[in-house]
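Biologist: I am new to this structure and would like to learn how to read its features. Could we take them one at a time?

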Amino acid sequence: EQKFASDSVDKNGFNAVMLATHGEKDATVALLVEKYSADLSHKTNSGNSIDHVASWHPENVVNIEYIRNVTEQNHKLLLAASTGDVDSLKEALENGAQRHIRNEEGMDALLLAAVYGQNDAIDYLINEEKFASDSVDRNGYSAVMLAAHGNRDSTVNHLTNFHSADLSCKNNAGISAKEIVDNMVRNNITSVVQAHGDESPSSVF
């Protein structure tokens, strides 16, 4: 079985789901969206979005509404992950959100939950929705890396203690999760010591 890139585009910047939309191939659009996580945020070389492409065929109301709904649910999914709203996470996924939708930084729902320290959302996505705990963004940052980078120490502990976060993994720059976590710990200790002035570390901790 050949492995073709799902994000392939033609010379005008149209990806597969845009071409299927333009050709009014509704079943193919649904297949690309639901099975292959087609990128609905992609734009052509001239800046056209998939909504714009769908509008070229106003008579195809079913396809227009389908794309609009998935796009809306995708937005709800990522927003719910960042705010820790587990009920809205469930609702968005039940109503057609793409499980592997990512924002412009390449973060999926799990990574966003880690960025904002939303431990309940992390538990739901990994335990109930089976999101991959080793997911990374476009810079190679995993959930535990992003949590540490954002100084979310409780989320770092949560990911390592309850979800076996891999501290040996490295981002695209070759920096390991352990290095990022260690740096967070050092910075936190320094901040606490500075906040207590001349007190000795033993009296602070």
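**Salt bridges and other contacts**

Modeller: Arg68 and Glu65 sit three residues apart in helix α4, so about one helical turn separates them. Their side chains meet in a salt bridge, at 3.0 Å from N to O. Keep in mind that this is a predicted model.

Biologist: How many salt bridges does a search of the whole structure find?

Modeller: The search finds five. One of them joins the side chains of Arg99 and Glu129, with 3.1 Å from N to O. This pair links distant parts of the chain, 30 residues apart: Arg99 is in the loop between α5 and α6 (109-115), and Glu129 is in the loop between α7 (119-128) and α8 (143-149). Arg99 has a relative accessibility of 29% and counts as partly exposed.

Biologist: Which side chain meets Arg102 in a salt bridge?

Modeller: That of Asp108, at 3.9 Å from N to O. A salt bridge is counted within 4 Å, so this pair qualifies. Asp108 is buried, with a relative accessible area of 4%, whereas Arg102 is partly exposed at 34%.

Biologist: How many aromatic pairs are there?

Modeller: The count comes to one. The ring centres of Phe14 and Trp56 are 6.2 Å apart and the planes meet at 45°, so the pair is tilted. Phe14 lies in the segment before α1 (16-22) and Trp56 in the loop between α3 (50-55) and α4, so the pair ties together parts 42 residues apart in sequence. Phe14 is buried at 13% relative accessibility, while Trp56 is partly exposed at 36%.

Biologist: Which residues form the negative surface patch?

Modeller: The patch consists of Asp85, Asp87, Glu91 and Glu94. A residue needs over 30% relative accessible area to be considered for a patch. Asp85 has 32% and is partly exposed; its place is the loop between α4 (61-83) and α5 (86-94).

Biologist: Where is Lys35 found?

Modeller: Lys35 is in the loop between α2 (26-34) and α3. With a relative accessible area of 57%, Lys35 is exposed. Lys35 and Lys130 are 95 residues apart along the chain, and their C-alpha atoms are separated by 16 Å.

Technical notes:
Residues are numbered from 1 along each chain as its sequence is written. This is a predicted model: local features need pLDDT of at least 70, side-chain atom pairs count only at pLDDT 80 or more; totals for chains, interfaces and linings use all residues. Side-chain values use heavy atoms; hydrogens and water are left out. Patches are made of residues with over 30% relative accessible area and no salt bridge: like charges are joined within 9 Å, nonpolar side chains (Val, Leu, Ile, Met, Phe, Trp, Tyr) within 5 Å. Accessible areas come from the Shrake-Rupley method with a 1.4 Å probe; for residues, only the protein chains shown count as cover. Lys and Arg count as positive and Asp and Glu as negative; His and the chain ends are not counted. The place of a charge is taken as NZ of Lys, CZ of Arg, CG of Asp or CD of Glu. Helices (H or I, at least four residues) and strands (E, at least two) are DSSP runs, numbered from the N terminus. Buried means under 20% relative accessible area, exposed over 50%, partly exposed in between (1.4 Å probe, protein chains only). Rings of Phe, Tyr and Trp (its six-membered ring) pair if their centres lie within 6.5 Å; planes under 30 degrees apart count as stacked, over 60 as edge-to-face and the rest as tilted.
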